Amino acid sequence: MKDYVIKRILLFIPTLIIITMITFLVCRLAPGDPTEMKLGQTGEAQKTDAKNLMTEQAKEFYKKKFGLDKPLPMQYLIWMGNMLQGDFGNSFKDNRPVLDKIFERLPVTMTISILSFMLIYMIAIPIGIYSAARQYSFIDRTTTVILFILYSLPNFWVATLAIVFLCNVEYIKIFPTSGIRSEDFDSLSTFGQFKDYFMHFFLPVTISSLASFAFLSRQMRSSMLEVIRQDYIRTARAKGLSERKVVLKHALRNSLIPIITLIGGILPAMIGGSVIIETIFSIPGIGQLAFQAILDRDYPLIMAELVLSSFLTVIGILLVDILYSFVDPRIAFTKKAA
Amino acid sequence: MEEKEELLDKMNSELKDGLTKEQMDSKKQVGVSYWSLVKHQFKKNKLAMVSMYIVVFLVFIALTADFLSSSKPLYASYKGETYFPVIKDYLNDLGISKWSPDMINANWKQLDNENKLESVVWTPVPYGSREIDLKNSLSPPRGDHYLGTDAIGRDLLAGLIHGSRVSLSVGFIAAGIALLIGIVLGSMAGYYGGKVDLLIMRFVEIMMTLPTFFLIITIVAIYGSSIWYIMAAIGFTSWTGDAKLIRGEVLKVRNMEYITAANSIGFSGKQIIFRHVIPNAIAPVLVSGAFAIAGAILTEAALSFLGFGVSATTVTWGSLLNEARGASNAWWLAIFPGLMIFIAVVTYNLIGEGLRDALDPRLRD
């Protein structure tokens with residue numbers, strides 16, 4: 001068991017190296033000069049020689065400053081070296097350390113992700129179990145259809161519909177359009193503040209859960225159906241156990257195993273989805289930061305976000321793997337043998 | 001002596017005939033027992049069949065978009081001359097025949113309004129997707145703006161019709177790229193096993209940890225938002241599932257006797273993979289292909305929704321939906337473009353599900 005965990009952790013070192021290389025290449029092989037971005041539009045507008053010379057000099061200065069004058073492999077090694085010391089560089093835009101910028105926005109995104117996660121697992125799993133246990137019943141068929149529709153609904157469409165129809169004085173105004181708290185937040189009572197947060201987070205959380213929710217519920221149902229067909233369930237029924245006990249006690253445990261692995265896949269989907277949801281609802285999280293960074297071509301920030309979100313995903317997968325080998329000891333055993 | 005030879009000949013020919021007949025029969029049976037069974041099973045699935053018709057319909061719209069919605073008439077006669085402006089545009093672009101200089105920029109609408117055209121037949125939607133009708137900006141569905149207009153007066157239905165081209169072509173080609181990479185890498189991993197397998201699967205795992213959507217936006221934003229970059233960016237980041245699937249199928253097929261037989265005859269690894277392994281492992285790939293198209297359409301729509309779409313002047317479903325955010329009471333902009341994206345995604349997902357059920361032998365009676 002210990003060997004398995006250590007082996008998995010060691011395997012992540014090459015993974016992280018390749019991720020950083022892909023990130024680096026995507027950002028550094030880009031056409032166009034990031035220093036031009038730094039100098040803004042002025043570089044194009046001014047045509048006189050003196051000013052051209054000035055921008056040239058400024059360009060050289062920034063090139064030196066950000067290490068862009070060195071050959072690519074050197075740049076990569078310097079970047080990697082700095083990252084290993086916890087220095088992800090400074091933003092091109094306001095020259096603040098990118099790590100600070102990311103960390104001050106992380107709590108909001110994490111709150112939305114964790115709330116969505118809880119929502120998804122708390123509702124999707126019971127629905128999946130119920131559907132499977134009553135296969136082909138009316139409720140099963142209805143939920144299957146609804147879940148299928150939810151699964152195919154583009155979240156940015158649902159978000160747009162919500163903004164247009166539920167946050168709009170022209171139609172119905174229930175929820176606030178943007179941000180995470182109202183302007184008069186400080187003057188509210190504790191309960192009022194809680195309610196304010198609830199209203200602001202309700203739409204982003206539910207909408208970012210939709211697809212994963214439907215996916216997980218469908219997976220739970222099919223996993224349960226698979227288990228229910230097995231011989232030991234027939235045995236359990238044959239010895240006279242109630243259907244409730246058969247499903248919740250005997251079938252549930254084994255049918256949950258494949259569901260655990262899905263956590264690893266939902267995490268990157270959520271980080272990707274946060275770009276859309278946070279942009280639509282103007283939520284100051286890392287998704288919106290990433291969107292802004294891409295618009296500004298703020299390379300240090302883009303690279304840091306790509307690396308960090310991959311890193312988070314890697315840790316997620318690692319935890320899932322370890323959890324998995326606890327739940328199903330056969331996994332660690334066969335992997336060790338192989 | 002002669003009799004004996006004759007007998008031998010006869011026996012030989014009988015044997016040959018018998019064999020070929022048997023072979024033909026077995027070939028026929030294989031055909032009947034697999035693909036036609038799948039087809040039969042698929043046809044029983046009503047939702048999947050309806051989806052199939054919808055997809056055909058969408059493809060038809062995409063192909064004939066210029067004849068369904070255009071700022072020029074299909075047919076007009078003006079000053080005694082007969083014109084087919086829509087067709088003429090095609091010929092003009094192909095260099096086959098040229099517009100006469102005084103007619104190339106003719107404003108047909110104005111001519112029609114001033115009753116200068118002797119006879120005219122407009123396209124069913126008499127607006128082009130980029131045609132700006134400022135007098136009717138943000139108009140709700142009315143008159144000949146069947147689904148209303150956007151903030152600068154472009155007809156919504158015309159935009160949806162022409163937008164289907166971008167959505168469907170990105171869907172097909174991006175999914176095609178993903179499938180191709182997935183099939184090649186997956187079958188190599190499955191067939192060769194060992195170190196090749198280990199390397200490829202490590203690479204798949206690494207690709208899966210990358211935040212795909214974020215990476216696609218980055219690539220499209222940095223390298224320019226041409227439709228080819230979008231297709232490539234989606235294709236190159238979404239092949240991992242296909243690779244894993246194919247690998248699994250190949251592992252199943254690899255140890256079958258006919259592969260051993262092909263090996264013993266001396267076929268090369270490449271020949272065996274492409275001519276014997278892949279055709280027998282391809283069925284589940286069709287399923288994932290259908291889902292991949294749905295995914296690619298969704299991603300492209302999300303990209304243009306966020307403003308990283310094909311180009312500022314090209315109208316797509318995503319870019320139309322995006323306009324709903326700026327127009328507070330334009331319900332038509334919020335509903336119809338999203339509905340189109342949803343329909344396209346749902347139909348491909350339903351086809352995928354239908355195929356999967358049709359291919360799953362456990363469900364067969």
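Modeller: Let's start with one residue: leaving out residues up to four places away in sequence, Glu249(B) touches Ala281(B) and Pro284(B). Contact here means heavy atoms within 4.5 Å. This is a predicted model, where local features need pLDDT of at least 70, side-chain atom pairs count only at pLDDT 80 or more, and totals for chains, interfaces and linings use all residues. Residues are numbered from 1 along each chain as its sequence is written, chains are lettered from A and ligands numbered from 1 in the order in which they are written, and side-chain values use heavy atoms, with hydrogens and water left out.

Biologist: Is Glu249(B) buried or exposed?

Modeller: Buried means under 20% relative accessible area, exposed over 50%, and partly exposed in between (1.4 Å probe, protein chains only). Glu249(B) has 17% relative accessibility, so it counts as buried.

Biologist: And which helix holds Glu249(B)?

Modeller: Helices are DSSP runs of H or I with at least four residues, strands are runs of E with at least two, and both are numbered from the N terminus. Glu249(B) sits in helix α11 of chain B.

Biologist: How do I read a pair of helices?

Modeller: Two packed helices are described by the angle between their axes and the distance between the axes. Axes are lines fitted to C-alpha atoms, for helices over the stretch in contact, and angles run from 0 to 180 degrees between N-to-C directions. Take α11 (residues 240-254) and α14 (residues 283-305), both of chain B: their axes come within 9 Å and cross at roughly 165°.

Biologist: What do we call that arrangement of α11(B) and α14(B)?

Modeller: Under 35 degrees is roughly parallel, over 145 roughly antiparallel, 65 to 115 roughly perpendicular, and the rest oblique. So α11(B) and α14(B) are roughly antiparallel to each other.

Biologist: Which residues of α11(B) and α14(B) meet?

Modeller: From α11(B) come Asp242(B), Leu245(B), Ile246(B) and Glu249(B), which meet Pro284(B), Val285(B) and Ser288(B) of α14(B). By class, that contact has four nonpolar, one polar and two charged residues. Nonpolar covers Ala, Val, Leu, Ile, Met, Phe, Trp, Tyr, Cys and Pro; charged covers Asp, Glu, Lys and Arg; the others, Gly among them, are polar.

Biologist: How many helices and strands does each chain have?

Modeller: Chain B has 16 helices and three strands, while chain A has 14 helices and zero strands. As for burial, 47% of the 365 residues of chain B count as buried, and 45% of the 338 residues of chain A do.
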